[in-house]
Amino acid sequence: MAFRSVLSVTGADHSDQDVRTAASLCAEVGAYLSVLVMSPPPLRCVASAAGRWHSRVAWTTRTRNCRTGKRYRQIERFSQDMARLETASREIQKQLRAMRLCYDVDTDYCDQASVGDAVRQRALCTDLTIIGPALLNDTSLGPLVINGSLFDTGKPVLVVPKGAEATLSPRRVLVGWDSRVEASRAVREALDMLSGAEEVRVILVDPEATCTGNGAEPGADIAAYLTRHGARVSVDRLASAGKPVATVLAQHAIDTSANMIVMGAYGSRRQRERLFAGVTRWMVGEAAIACFGSLRGSEAAPMLFETLLPWSLS
């Protein structure tokens, strides 16, 4: 599909790198850019029962002073955060005006539990969400944005790690194929990019030739489909040799000098926790390859995306 509306989410304290990345992509394809600047407050800490005062008089006096001081600190923190949001918004608008883009810039200050919903509302009305390097490295805001834009909408997401080529017109693309609905959905969402690429490699890892799965010739069906849409396609069937599928796919992308990986994200709600429980994957630090992916719907959660996301919430 053609991308006519793109969403970029950034933090108030982030650099302008993610917005510049999204703006360059919009300029490349003539898309409208929506920027959401967020500043979620920290989670509130609740004192345990062991830390309460046992003296009623002391409790009354000290609690009143504590609450007053806490209230002042909250007001001061809120004022500072709102000032940062306003400053970031002005700077982003100034930057986008100079690029002569069609755009809008919005700000949102909400608790962490509401970040996903705030992003979801905006991602539902855009074609693509860009996840840039600054957001990838933000362990507090990044996972919440992924929840809202990918898990809760089924809309595609383009992950652009630091050092990766940011383009919606890639020359060489790998398609991770497993004959699942999620992979088919990702291919359909990326069809315009695939049709315009110089080379498209359909990758199957340990494929089995079955009548109900990959077919008698694994990869031939999706290759024929892409060829009918004008793509220049070849099929690579790889052996995992006991390695994770994501590792095999990522290494093959490096070996073939691919600019982008297109793949479906699938799994269950329970596997969402597994995604964010891992450590930083080597691909983020070394491979620097953009990854385009989408889900079938809100019940799915990505598996291969764990190669791209450097968060650890354990």
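This is a predicted model: local features need pLDDT of at least 70, side-chain atom pairs count only at pLDDT 80 or more; totals for chains, interfaces and linings use all residues.
Let me begin with Arg20, which forms a salt bridge with Asp16, the closest N and O atoms being 3.1 Å apart; by salt bridge I mean a side-chain nitrogen of Lys or Arg within 4 Å of a carboxyl oxygen of Asp or Glu. Arg20 counts as partly exposed because its relative accessibility is 42%, and Asp16 falls in that class at 35%, where buried means under 20% relative accessible area, exposed over 50%, and partly exposed in between, with a 1.4 Å probe and protein chains only.

Residues are numbered from 1 along each chain as its sequence is written, and side-chain values use heavy atoms, with hydrogens and water left out.

How many salt bridges does a search of the whole structure find? The search gives eleven, and one of them joins the side chains of Arg171 and Glu165 at 3.3 Å, N to O. Salt bridges that share partners also join Asp106, Asp108 and Arg122 into one network. Another links Glu86 and Arg90 at 3.7 Å, N to O; both lie in helix α2, residues 56-99, four residues apart, or about one turn of the helix. Helices here are DSSP runs of H or I with at least four residues, strands are runs of E with at least two, and both are numbered from the N terminus.

Turning to helix α1, residues 17-29, we have 13 residues reaching 19 Å from the first C-alpha to the last, close to the 18 Å expected at 1.5 Å a residue, the expected span being 1.5 Å times one less than the number of residues. Its buried residues are Asp18, Val19, Thr21, Ala22, Ala23, Leu25 and Cys26, and just after α1, Gly30 takes a positive phi of about 70°.

In the loop between β1 (5-11) and α1 we find His14, which counts as buried because its relative accessibility is 17%. What does the side chain of His14 meet in a polar contact? The partner is the side chain of Asp138, at 2.8 Å, where a polar contact is a pair of N or O atoms within 3.5 Å; within protein, one must be able to donate a hydrogen and the other to accept it, and residues adjacent in sequence count only if both atoms are side-chain atoms. A polar atom of the His14 side chain also lies 2.9 Å from the backbone nitrogen of Gly11. Not counting residues up to four places away in sequence, His14 touches Ala134, Leu135, Asp138 and Leu141, contact meaning heavy atoms within 4.5 Å.

Next comes strand β9, residues 260-264, where five of five residues are buried: Met260, Val262 and Gly264 point one way, and Ile261 and Met263 the other way. Strand β6 (residues 172-176) runs parallel to β9 and is joined to it by four bridges, with Val173 opposite Met260. Five bridges join β9 to β10 (residues 290-294), again in parallel, and there Met263 has Gly293 as its bridge partner; two strands pair if DSSP finds at least two bridges between them.

Finally, Gly116 lies in helix α3, residues 112-123. Gly116 and Leu144 are 28 residues apart in sequence and 5.2 Å apart in space, C-alpha to C-alpha.
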